[in-house]
Amino acid sequence: MTDLASRCDALRSLHVPGKPLLLPNAWDVASARAVEAAGFPVVATTSAGVAAALGFEDHEDAPAEEMLAAAARIARGVKVAVTVDAEAGYGMDPQDLVARLREIGVAGCNLEDTDHRTGELRDRGPHAEWLAAVREAAARREYGLVVNARIDVFVRAASAGAEGSQAELVDEALRRARAYSDAGADCVYPILLWEPEALARFVAEHPGPVNAVRIPAGPSVLELAELGVARVSWGGQLAHRSIEWLGQALESLA
């Protein structure tokens, strides 16, 4: 597993505040190879795009084995490190999840704090304990898995149609970020935190690397770098745009 170890080390080293790792997320081998060919040093997957390609909805609607098999094909299909969107861990025991991620050869993973069985956020403490178990399982295997802990307080608020500034949720997001980092997460990902002042406060007050999502309404990549973000993701946006483009092309053919 020497090559996998070097990929884990490379992925971890690329999380530099102010000089963020850019991750235009892929959903199959062809899109992953396009990301690699464009010069990006890491391929990240999007669960939304992978699930759609498999005929399922996002949020753990697709069978775990199908999602992980797709990640395995991507990891085999490119020469750069791959970090996989493992959603909320598919209800797998940390030992089994880590063993499977190591087997398929990925250098990192996203793990989110939504319980997709209920649609609610997991309690902060138990989720931190679960992340600690993931880190321990990786350490036992001498596997340098890079864990990106996704914090879903902002996406949950958006889904619920909550009104008001995102600043109101920053305290809870920071509490989760600290707990997850203490549990061994390498990076935290407050997905859909895009309001500049709220994001700036989060980055300033969290001591470790922060992942931000690049959305049209939010700061540009340059502005995210200036805020001190260490990692920028596009999520399922490129997959969705590709399908939209295909639909438009098909309409023109018809």
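In this predicted model, Leu192 sits in the loop that runs between strand S8 and helix H9, the latter spanning residues 196–205. The phi angle of Leu192 is near 70°, a positive value in a residue other than glycine, and this deserves attention because most residues other than glycine have a negative phi. With a relative accessibility of 26%, Leu192 counts as partly exposed. Tyr90 also has a positive phi despite being a residue other than glycine, with a value near 60°. Its place in the chain is the loop between strand S3 (81–85) and helix H5 (94–104). Tyr90 has a relative accessible area of 14% and is therefore buried, the cut-off being under 20%.

From these backbone angles we can turn to the packing of helices. Two packed helices are described by the angle between their axes and the distance between the axes. For helix H2 (residues 29–37) and helix H4 (residues 64–77), the angle is about 35° and the axes lie 9 Å apart, while the sense in which H2 passes H4 is that of a right-handed crossing. On the H2 side the contact is made by Val29, Ala32 and Arg33, and on the H4 side by Arg73, Ile74 and Gly77. Sorted by class, the residues of this contact between H2 and H4 comprise three nonpolar, one polar and two charged.

The largest nonpolar core holds 72 residues, and the members that touch the most others in it are Val43, Leu101, Leu111, Tyr143 and Phe202. Helix H4 supplies the largest share of this core, with seven residues. Leaving aside residues up to four places away in sequence, Tyr143 touches Leu4, Cys8, Val98, Leu101, Arg102, Val106 and Ala138. There is also a second, separate core of five residues, and among them are Val155, Tyr189, Ile191 and Val213.

Val80 lies in the loop between H4 and S3, and since its relative accessible area is 17%, Val80 is buried. Apart from residues up to four places away in sequence, Val80 touches Arg7, Glu36, Phe40, Pro41, Val42 and Val43, and Val43 is one of the residues named above for touching the most other members of the largest core. Asp58, for its part, is found in the loop between helix H3 (47–54) and H4, and because its relative accessible area is 25%, Asp58 is partly exposed. The residues that Asp58 touches, not counting those up to four places away in sequence, are Ser47, Ala48, Ala51 and Glu87. Asp58 and Gly236 are 178 residues apart in sequence, whereas the distance between their C-alpha atoms is 9.8 Å.

The remaining theme is that of charged side chains. Side chains of opposite charge can pair when their charged atoms come close, and the structure holds 16 salt bridges. One of them joins Arg7 to Asp3, with the closest N and O atoms 3.1 Å apart; both residues belong to helix H1 (residues 2–13), where they are four residues apart, about one turn of the helix.

A second salt bridge, between Arg12 and Asp186, has its closest N and O atoms 3.0 Å apart. This pair links distant parts of the chain, for Arg12 is in helix H1 and Asp186 is in the loop between helix H8 (170–182) and strand S8 (187–190), 174 residues apart. Arg12, at a relative accessibility of 30%, counts as partly exposed.

The side chains of Asp152 and Arg150 likewise meet in a salt bridge, at 2.7 Å from N to O. Asp152 has a relative accessibility of 0% and so counts as buried, and Arg150 is also buried, with a relative accessible area of 11%. Finally, Asp113, Arg124, Glu172, Arg175 and Arg176 are linked in a network of salt bridges.

Conventions
Residues are numbered from 1 along each chain as its sequence is written. This is a predicted model: local features need pLDDT of at least 70, side-chain atom pairs count only at pLDDT 80 or more; totals for chains, interfaces and linings use all residues. Side-chain values use heavy atoms; hydrogens and water are left out. Axes are lines fitted to C-alpha atoms, for helices over the stretch in contact, and angles run from 0 to 180 degrees between N-to-C directions. Helices (H or I, at least four residues) and strands (E, at least two) are DSSP runs, numbered from the N terminus. A crossing is left-handed if the near helix is turned anticlockwise from the far one by less than a right angle, and right-handed if clockwise. Contact means heavy atoms within 4.5 Å. Ala, Val, Leu, Ile, Met, Phe, Trp, Tyr, Cys and Pro count as nonpolar, Asp, Glu, Lys and Arg as charged, and the others, Gly among them, as polar. A nonpolar core is a set of buried Ala, Val, Leu, Ile, Met, Phe, Trp, Tyr and Cys residues joined through side-chain atoms within 4.5 Å. Buried means under 20% relative accessible area, exposed over 50%, partly exposed in between (1.4 Å probe, protein chains only). A salt bridge is a side-chain nitrogen of Lys or Arg within 4 Å of a carboxyl oxygen of Asp or Glu.
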